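Here is a friendly walk through the structure shown below. Keep the model open beside the text and follow along.

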2 protein chains.
Amino acid sequence: MVDLPDISSTTFSVIENAFSLVFASFLGAAVFFLVSRRDVARAYRTSVTVCGVVVVIAAYHYFRIFESFKSAYGVAGGVATPSGEIFNEAYRYMDWIITVPLLVVELILVMGLVSARRRSLLYRLVPAAFAMIALGYPGELSTDVATQWLWWGLAMIPFVYILFVLFGEVSKVIQDQPIEVQPLFRVVRVALVATWMFYPIAYLFPILLGNTGLALALENIGYAVADLTAKAGYGLVIFLIAKRKSELERLVPSAQPVVATS
Amino acid sequence: MVDLPDISSTTFSVIENAFSLVFASFLGAAVFFLVSRRDVARAYRTSVTVCGVVVVIAAYHYFRIFESFKSAYGVAGGVATPSGEIFNEAYRYMDWIITVPLLVVELILVMGLVSARRRSLLYRLVPAAFAMIALGYPGELSTDVATQWLWWGLAMIPFVYILFVLFGEVSKVIQDQPIEVQPLFRVVRVALVATWMFYPIAYLFPILLGNTGLALALENIGYAVADLTAKAGYGLVIFLIAKRKSELERLVPSAQPVVATS
């Protein structure tokens, strides 16, 4: 955690508004997932519920980040100067340590794997997700560039492992999915890599650009965009997969034993 | 973002009460849509859910606008003078960038188009809606009249495009709708143009009337009325269409395969 730089009031407003935008989006996504879970077959309902839980938790953390950012600055005469209060970016890590394992869970659940395979994936990837976040955190707290790089590199090991396993697993199960759902699984596979790649890049902004308003804006807006797509956007694709699969099974109930009758 | 003018305490109260009224209406609309979604057939349920999500997000933003307005003024002796705190009108843009694409989505979903047609509309109109809001935002941040006019003009291009396409699309599908639902689609078509026209007009008040209490009141009350009708009012018509269609399909279940049984 480095001291905050002086920033222009426009930079302050853009960051503040980005936090508010992401909070509002998570709020809307939470309502959507939690009321829409009944619209999918029972077999996929837990997956959609987990999508809802993830965005509720994310909404809470963005509310805290928004409040913390506002109290960390005083705005007067077109300039925002640090108030002395801490801008607690660690809320992000508290968020990730809960939600990233859950993001892995929702994808594994919606794949509809046999239970032994599902368990094997969960036992490997959930601990890896914990390790990834825990290893990133010391670098976030440090002000020393070498230390930041060290923890960045260490966190990248489980990061690459999780993406590698999940990408491979989705590629393998695509063939077994109904033809109507296969394009959505291809979207998930790309979305997974594309959205997760934001994080190690956003982490590097303050390391590469130093303690400037630009680095602060890029880092925070980068994380905001990444969180939004990796949680709400990705959750929406999971929901669409669950919905499509439910509709298909409703048309051919004999093909699949589990059909929602709510 | 211009400096706020001194205003009378009456003007202050009228604006403050308008914000509170709109927040309360959105809150009520959110409860209505979210509990009533189960009353429509499965095929239209997502449309009504999106109506609910839109007003939840709008309620959040009106709460923030209300609080921001109150903290931006101090009232004493019949006069409200700026406190030095920013009146963050950008919350409106953060709202629109999420909700306007969703308003387009709810209309397209309730039309019950074949999926290729629906996808084509979504792929064209949702990005146009993003572009429209993003192009309006720099004008809102600027204090220079020429800059404000420039961004107003640029935002008008996707604005006209969206209205033109949606108006045409609704006109085309009216024939295919059950006779009992056609009048409601005509209401949607008019409501779309009538409510959306408020926005470019409200945008112009501070440009045309300058930095006065009257401009502040007209702009904010104009946006409040527009938001209320374009989100809650329009959502209500969407809900009525979904409900009427569901009732008709329940009477003639063979005509449509997807009928809610829950």
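## The sheet in chain B

In this predicted model, chain B holds an open sheet of three strands in the order 1-3-2, with antiparallel pairing. Strand 1 (7-8) and strand 2 (73-76) of chain B are the edge strands, each pairing on one side only. Helix 2 (residues 42-72) of chain B packs on this sheet and touches strand 1, strand 2 and strand 3 of chain B, and its direction makes about 55° with that of strand 2 of chain B. Contact here means heavy atoms within 4.5 Å; axes are lines fitted to C-alpha atoms, for helices over the stretch in contact, with angles running from 0 to 180 degrees between N-to-C directions. Helices (H or I, at least four residues) and strands (E, at least two) are DSSP runs, numbered from the N terminus, and two strands pair if DSSP finds at least two bridges between them.

Strand 2 of chain B runs antiparallel to strand 3 (residues 79-82) of chain B, and four bridges join them. Along this pairing, Ala76(B) stands opposite Val79(B), while Gly74(B) has Thr81(B) as its bridge partner. The hairpin of these two strands of chain B has two residues between the strands, and Gly77(B) takes a positive phi near 55° there. On the other pairing, two bridges join strand 1 of chain B to strand 3 of chain B, again antiparallel, with Ser8(B) opposite Val79(B).

## How the numbers were made

Residues are numbered from 1 along each chain as its sequence is written, and chains are lettered from A and ligands numbered from 1 in the order in which they are written. Because this is a predicted model, local features need pLDDT of at least 70 and side-chain atom pairs count only at pLDDT 80 or more, while totals for chains, interfaces and linings use all residues; side-chain values use heavy atoms, with hydrogens and water left out.

## Relating the two copies

How is chain B laid on chain A? A turn of 73° and a shift of 0.3 Å along the axis do it, with an RMSD of 0.1 Å. That is the relation of a five-fold axis. The superposition is by least squares on the C-alpha atoms of residues with pLDDT of at least 70 in both copies. Only 8% of the interface residues of chain B are also interface residues in chain A, so the copies meet through different surfaces.

## The nonpolar core

The largest nonpolar core has 170 residues, and Leu107(A) and Leu107(B) are those with the most contacts inside it. Such a core is a set of buried Ala, Val, Leu, Ile, Met, Phe, Trp, Tyr and Cys residues joined through side-chain atoms within 4.5 Å. Its largest share, 17 residues, comes from helix 2 of chain B. Beyond its neighbours within four places in sequence, Leu107(A) is in contact with Leu166(A), Val170(A), Val188(A), Leu192(A), Tyr234(A) and Ile238(A).

## Salt bridges

The whole structure has 17 salt bridges over all chains, a salt bridge being a side-chain nitrogen of Lys or Arg within 4 Å of a carboxyl oxygen of Asp or Glu. Asp39(A) forms one with Arg37(B), the closest N and O atoms being 2.4 Å apart. Asp39(A) lies in the loop between helix 1 (9-36) and helix 2 (42-71) of chain A and Arg37(B) in the loop between helix 1 and helix 2 of chain B, so the pair joins two chains. Both residues, Asp39(A) and Arg37(B), are buried; buried means under 20% relative accessible area, exposed over 50%, and partly exposed in between (1.4 Å probe, protein chains only).

In chain B, the side chains of Arg92(B) and Glu89(B) meet in a salt bridge (3.1 Å, N to O). Arg92(B) is buried at 2% relative accessibility, and Glu89(B) is buried at 13%. Elsewhere, salt bridges that share partners join Asp39(A), Arg37(B) and Arg45(B) into one network. Lys172(A) and Glu169(A) form a salt bridge with closest N and O atoms 3.6 Å apart; both lie in helix 5 (residues 145-174) of chain A, three residues apart, about one turn of the helix. Lys172(A) is exposed at 52% relative accessibility, whereas Glu169(A) is buried at 4%.
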